[in-house]
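Please read it with the coordinates open beside you.

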Amino acid sequence: MHTDRIPVQGMNDEQDAEKVNKALHDVWGILKAEVSLSKGEALISYDENAAQLVDFQQAIRDSGYDVANYDGPFHGDKQ
């Protein structure tokens, strides 16, 4: 399992956060997704053999939101 944090721009209310959450859960390989409106980010855990971070970033963009630029990825690998 691999964990990443994705900064999300454009979420204004809980409906937006739920839309992002649904988009993330539609990506093959997702194990867990937590979308925080207050932090403006999504914390995802996924099977890195089934998906890559870019797949989740694209799902967010496809749902109408932007992925913010950030200094570096958060990686919380677990075995």
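1. Leaving aside its neighbours within four places in sequence, serine 45 is in contact with Met1, His2, Thr3, Ile30, Leu31 and Lys32, where contact means heavy atoms within 4.5 Å. Serine 45 belongs to strand S3, and with a relative accessible area of 9% serine 45 is buried; here buried stands for under 20% relative accessible area, exposed for over 50%, and partly exposed for what lies in between, with a 1.4 Å probe and protein chains only. The side chains of serine 45 and threonine 3 are joined by a polar contact of 3.0 Å, a term that covers a pair of N or O atoms within 3.5 Å, of which, within protein, one must be able to donate a hydrogen and the other to accept it, while residues adjacent in sequence count only if both atoms are side-chain atoms.

2. A word on the basis of these values. The model is a predicted one, in which local features need pLDDT of at least 70 and side-chain atom pairs count only at pLDDT 80 or more, whereas totals for chains, interfaces and linings use all residues. Residues are numbered from 1 along each chain as its sequence is written, and side-chain values use heavy atoms, with hydrogens and water left out.

3. In what order do the strands of the open sheet lie? The 4 strands follow the order S2-S3-S1-S4, with antiparallel pairing; strands (E, at least two residues) and helices (H or I, at least four residues) are DSSP runs numbered from the N terminus, and two strands pair if DSSP finds at least two bridges between them. Strand S2 (30-36) and strand S4 (66-67) stand at the edges with a single partner strand each, so one side of each has no neighbour in the sheet.

4. Strand S1 pairs with S3 in the antiparallel sense over 6 bridges, and aspartate 4 stands opposite isoleucine 44 in S3. The antiparallel pairing of S1 with S4 runs over 2 bridges, with aspartate 66 in S4 as the bridge partner of glutamine 9. Because 6 of its 8 residues are buried, S1 is largely enclosed by the rest of the structure.

5. Helix H1 (residues 14-25) lies across S1, S2 and S3 and runs at about 165° to S2, the angles being taken from 0 to 180 degrees between N-to-C directions of axes fitted to C-alpha atoms, for helices over the stretch in contact. Helix H2 (residues 53-62) also packs on the sheet, where H2 touches S1, S2, S3 and S4, and its direction makes about 25° with that of S1.

6. How many salt bridges does a search of the whole structure find? The search finds 3, a salt bridge being a side-chain nitrogen of Lys or Arg within 4 Å of a carboxyl oxygen of Asp or Glu. In one of them, arginine 5 and glutamate 41 have their closest N and O atoms 3.1 Å apart, and this pair links distant parts of the chain, with arginine 5 in strand S1 (residues 2-9) and glutamate 41 in strand S3 (residues 41-46), 36 residues apart. Arginine 5 is partly exposed at a relative accessible area of 29%, whereas glutamate 41, at 16%, is buried.

7. Another salt bridge joins the side chains of aspartate 26 and lysine 22 at 3.1 Å, N to O; aspartate 26 counts as exposed at 53% relative accessibility, and lysine 22 counts as exposed at 53%. Glutamate 34 forms a salt bridge with lysine 32, with 3.0 Å between the closest N and O atoms. Glutamate 34 is partly exposed at 41% relative accessibility, and lysine 32 is partly exposed at 45%.
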